2 protein chains.
Amino acid sequence: MTSKPIADLWPTLPGGADARPEAAYRLLQAAVESFAERGFHATTTRDIATGAGMSPAALYIHYPSKAALLAEISRAGHAATLELVRAAVAGEDGPEARMRRLVEEFTAWHARARTVGRVVNYELHALPEDAYAVVAALRLDIEREVTALIEAGVAAGVFEVAEVRTAARAVTSLGIDVSRWYTDRSSETPEELGRRYGELVLRMLGARL
Amino acid sequence: MTSKPIADLWPTLPGGADARPEAAYRLLQAAVESFAERGFHATTTRDIATGAGMSPAALYIHYPSKAALLAEISRAGHAATLELVRAAVAGEDGPEARMRRLVEEFTAWHARARTVGRVVNYELHALPEDAYAVVAALRLDIEREVTALIEAGVAAGVFEVAEVRTAARAVTSLGIDVSRWYTDRSSETPEELGRRYGELVLRMLGARL
DNA sequence: GCAGTGACTAAGCGCTTGCTTAGCATGGTG
DNA sequence: CACCATGCTAAGCAAGCGCTTAGTCACTGC
């Protein structure tokens, strides 16, 4: 975990001024890594502050609580995933090409950003209620995009599935679970894995290749 | 969570004497439910003891530590899963029928026993090192069974996949992730879900249906 | 009748937790 | 220069943690 796995999630806001001072960014990064490795509850505020090179109290200048850090990570991670899904659908023509691109990028993201992915998918239960509501809405939007794409494919006669919702679950499931098992030592690059999963999913959906 | 979701995991030993006194069993059950709902670290020994209808100290008569409870749950859950996989392979003829049965039962188990499944698959990082080694060996055995089955299918010409290991990952991934998202409110029964996933997986593996 | 045993509880110990308080150096502004 | 906001640290508080201790009680064997 030497690189900056979250660099693209919190861009500087337009206008020239840094939307998020560097110290707050370092706290986010340290929190992502600790939450992913040990889980939210096993991570102490001292872990996070130390990881960001600060004293424990400094955390509270930038975030009101440990849970607020989790909420921000979860919100940004989900927003990025939804964006990725929509971009894949908008960037191709036809259900087959769209689904292939969607799975390729969804899978590669969950491999590349597996630390964020773990927090996003496996620490939901630790979110305060209001933050959970925001995130649940984003998850519903993602599910709806995938379901709509499969429905479009079925309507166009290029996919053939018994149950659209079950198929949609299977598609997202495959991608999400990548963040659980993928490691630096995995033999495939995120992009290779994405291509192979894209192939498997298209077959699963009954596309004639 | 009204039923006893773990009843078949800790049978009474032969010989007439209860291998595990009822109180220890109640502690296991309470621990499974708490660990699954809140995670290992967010669960207190008081939660578990209260859930089993005892005072906090009673836990330590039956188990040496909170981690020992997790270790026992994880070991038994993995052993049961491996058993299920081997039974599916032994109970059918031909790679296709074996794979269908394997996915059906693997999936249904992860839906039915989702509380145990969550602990088994998402609390690995909280295991003490020695308990982790035991469990890792069981996980490797499960992976090997699935990989061998796909290889047999490829050799027999009934499956066709680009990369056996990636395909094996996808098969187990689909089943494991069920324990993350399946709830009482899910519209499909575990058995229905198993049949549908069996169908999807066979197509994914290139079986001509 | 009574010592011994096993399952349990009440109380609490030492420690760690999330978070607060008080104070300090720095740098921009009049 | 004084003033003060900003970003931080040192110290520590109240609460809750895993686990221990000391003792109670029902039951067993002799």
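In this predicted model, 25 residues of chain A are in contact with 25 residues of chain B, contact being counted where C-beta atoms, placed from the backbone, lie within 7 Å. On the side of chain A that touches chain B, the elements giving two or more residues are α8 (164-181) and α9 (190-204) of chain A; helices here are DSSP runs of H or I with at least four residues, numbered from the N terminus. The largest share, nine residues, comes from α8(A). By class, this side of chain A has 11 nonpolar, six polar and eight charged residues, where Asp, Glu, Lys and Arg count as charged, Ala, Val, Leu, Ile, Met, Phe, Trp, Tyr, Cys and Pro as nonpolar, and the others, Gly among them, as polar.

How are the two copies related? Chain A can be laid on chain B by a turn of 180 degrees and a shift of 0.0 Å along the axis, with an RMSD of 0.0 Å; the superposition is by least squares on C-alpha atoms of residues with pLDDT of at least 70 in both. The copies are thus related as by a two-fold rotation axis. In chain A, the C-alpha nearest the axis belongs to Met204(A), 2.2 Å from it. Moreover, 100% of the interface residues of chain A are also interface residues in chain B, so the copies meet through the same surface.

A word on conventions. Residues are numbered from 1 along each chain as its sequence is written, and chains are lettered from A and ligands numbered from 1 in the order in which they are written. Local features need pLDDT of at least 70 and side-chain atom pairs count only at pLDDT 80 or more, while totals for chains, interfaces and linings use all residues.

Methods
Two residues are in contact if their C-beta atoms, placed from the backbone, lie within 7 Å.
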